[in-house]
Amino acid sequence: MKLAFVFTQSPFACAASREGLDALLAATAFAEAEDIGVFFIEDGVLNLSSALQPHLLMQKDSSAAFKLLDLYDIEQRYAAEEAWHSFGMNSQNSLIQTQLLPFNELMQKLATAEKVLTF
């Protein structure tokens, strides 16, 4: 894996998740999809929740744009299992499929990336 994008912020805490997704999608113009990995850790797993109600915060639903990862054929998607379960996430309320990994395994996989961008 050449590029790893790590999402650590909840979607509405700041603009980091939106900016990270923009950077991720832009990177697909310069790198092959199989060279890109996406990691969701800590509060970042909330970016995958279909149960969020951004309109209550008068926010744009930028999390739904993570569905574009399917369109862009980005298949290396990983979420920290502990964070996933701590937020009550499951496959029914997830926007996209991700591989759940224990945190230490996720970090080992992340360590194989040549460049890591954190949002």
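What is the order of the five strands in the open sheet? The order is β4-β3-β2-β1-β5, with parallel pairing, where strands are DSSP runs of E of at least two residues and helices are runs of H or I of at least four, numbered from the N terminus, and two strands pair if DSSP finds at least two bridges between them. β4 and β5 (115-118) stand at the edges with a single partner strand each, so one side of each is left without a neighbour in the sheet.

Before going further, please keep in mind that this is a predicted model, in which local features need pLDDT of at least 70 and side-chain atom pairs count only at pLDDT 80 or more, while totals for chains, interfaces and linings use all residues. Residues are numbered from 1 along each chain as its sequence is written, and side-chain values use heavy atoms, with hydrogens and water left out.

Let me turn to β3, residues 76-80. On one flank, β3 pairs with β2 (residues 36-40) in the parallel sense over four bridges, with phenylalanine 40 opposite alanine 79. β3 is also joined to β4 (residues 99-101), running parallel, by three bridges, and here tyrosine 78 stands opposite glutamine 99.

Further along the sheet, β1 (residues 3-7) and β2 run parallel and are joined by five bridges, and valine 6 has phenylalanine 39 in β2 as its bridge partner.
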